[in-house]
Amino acid sequence: MRKPRKFGNSLAQATWNKTFQPNYGTPPISLVKGKGVIVYDADGKKYLDFLGGIATNLLGHAHPAIIKAVTKQISTLSHVSNFYMHPQVLQLAQSLQKMTGDKNSKVFFCNSGAEANEAAIKLSRLTGRTNIVAAHGAFHGRTMGAISLTGQPAKRDPFKPLLRKIKHVKYGDIAALHRAVTRKTAMVILEPIMGEAGVVLPPKGYLKAARAICDKTGALLVIDAVQTGMGRTGTWFGYENEEITPDVITIAKGLGGGLPLGAMIALEGSNNLFKPGDHGSTFGGNPVACAAANATINVIQSKGLLKSNVVLGNLLKNELTKIPGISEVRGRGLLIGIVLKTANAKALAAGLLSDGVLVNATSDEVIRIAPAFIISKKNVMDFVGAFQKSLGELNG
Ligand SMILES: *Cc1c(COP(=O)(O)O)cnc(C)c1O
């Protein structure tokens, strides 16, 4: 018999190509272990992880608090379904309710961002209205309802017909929102910052105006905080700086601290739309995922990470802005888009990978970073140094 090839990046790629649907393309490396913001690939190469599993690993890899919570939970009780309660899900629901500032808000748990938005769509149908307004460029997930909300034609068009009566308007344009939202609109869904679109911020006052438009027409204001949420931008959900209260908040990504978990939170006024039997999820609110979420929230609070995210984010922005070849650095807290002067973001992401840094190019112009909240100032300076070097080499 032939000796099996040693597991490494090239064997991982061969296996992937033989077994995986081609929807992702083949990743360049297989990661095998990590600690904090450092990860290692199958060839033993070390990386500084500034993508954080796409804004999910809030405490980095192998954080002791998560290891402890998850280990304890899986050795005690694994999955119970929603026929029964368990302490972890109750604790998490209380924490999320507190974060909204609305003691009458009510939580539904699921497993992903798309599912959280699906729940919001279904909830909005129970208002008796069906029209929805969303933003061009927005990303709300890949399931049929969520992709119908998503404002990116390349992701939508192959799957038409989608949900009907969804209108997309220019993000940040108050007048366009005004024109689109009517008394037939069930919900308006907006990201506080559009993450997948390249970390796009709306002008100040946009969410406040959206709130007023929804109040006037009776439409639900749904804030998709899947990417901005769980403290990434320095507040729990990313909309708080606009001093609004949404009707519905959807979260996922960082919620489980690296484990799959999502939630849809309906605030006062829309908290009683779902009736028994209207919606459900087998795995939603799984004890192990909730234990990880509770541990994550606990560390964020006890270590003051909401504040430090803003400090570290500002340091990143200030240092990155000094690098030639960058035209703009935008974002809030630890969700940052780095806009390049030349359209070579994909080549730069590949260059950074070979220099041992993980980032993601959301387009030809923009590099997105969403590192763990536990990065140090040294990690920031190492990242900035590597970015300058890779960009310099690329631009010659
Ligand atoms: C990632 C993302 C989603 C989809 O989340 P999944 O867990 O991939 O389904 C939805 N909305 C926003 C804003 C996101 O960034």
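Biologist: Which residues surround the ligand?

Modeller: In this predicted model, the ligand is surrounded by S112, G113, A114, N117, F139, H140, G141, E191, D224, V226, Q227 and K253, where a residue is counted as near if one of its heavy atoms lies within 4 Å of the molecule.

Biologist: And which atom of the ligand lies 2.7 Å from D224?

Modeller: That is a nitrogen atom of the ligand, which lies 2.7 Å from a polar side-chain atom of D224. An oxygen atom of the ligand is 2.6 Å from an N or O atom in the side chain of K253, whereas with A114 a backbone N or O atom lies 2.8 Å from a ligand oxygen.

Biologist: Before we go on, what should I know about numbering and cut-offs?

Modeller: Residues are numbered from 1 along each chain as its sequence is written. Because the model is predicted, local features need pLDDT of at least 70 and side-chain atom pairs count only at pLDDT 80 or more, while totals for chains, interfaces and linings use all residues, and side-chain values use heavy atoms, with hydrogens and water left out.

Biologist: OK, domains next: what does the assignment give?

Modeller: It gives domain 1 (9–63 + 304–395) and domain 2 (77–302), with bounds that come from an automatic or database domain assignment. Their C-alpha centres lie 26 Å apart, and the contact (heavy atoms within 4.5 Å) takes 26 residues from domain 1 and 28 residues from domain 2.

Biologist: How much area do domain 1 and domain 2 bury between them?

Modeller: They bury about 2,200 Å², 60% of it on carbon and sulfur atoms; buried area here is the accessible area (1.4 Å probe) that two parts lose on being put together, summed over both. L306, R332 and L335 supply 32% of the area that domain 1 buries against domain 2, more than any other three residues.

Biologist: What about salt bridges, how many are counted between domain 1 and domain 2?

Modeller: The count is one salt bridge, defined as a side-chain nitrogen of Lys or Arg within 4 Å of a carboxyl oxygen of Asp or Glu. The side chains of R368 and E196 meet in a salt bridge, at 2.5 Å from N to O.

Biologist: And how many salt bridges in the whole structure?

Modeller: A search of the whole structure finds eleven salt bridges. K208 forms one with E243, with the closest N and O atoms 3.6 Å apart. That pair links distant parts of the chain, since K208 is in helix α9 (residues 206–217) and E243 is in the loop between β8 and β9, 35 residues apart; helices (H or I, at least four residues) and strands (E, at least two) are DSSP runs, numbered from the N terminus.

Biologist: Last topic, the backbone: where is the cis peptide bond?

Modeller: It joins K160 and P161, with omega about 5 degrees, and P161 sits in the loop between α7 (153–156) and β6 (166–169).

Biologist: And what is phi of M230?

Modeller: Phi of M230 is near 60 degrees, a positive value in a residue other than glycine, and M230 is placed in the loop between β8 (220–224) and β9 (248–251).

Terms used: A polar contact is a pair of N or O atoms within 3.5 Å; within protein, one must be able to donate a hydrogen and the other to accept it, and residues adjacent in sequence count only if both atoms are side-chain atoms.
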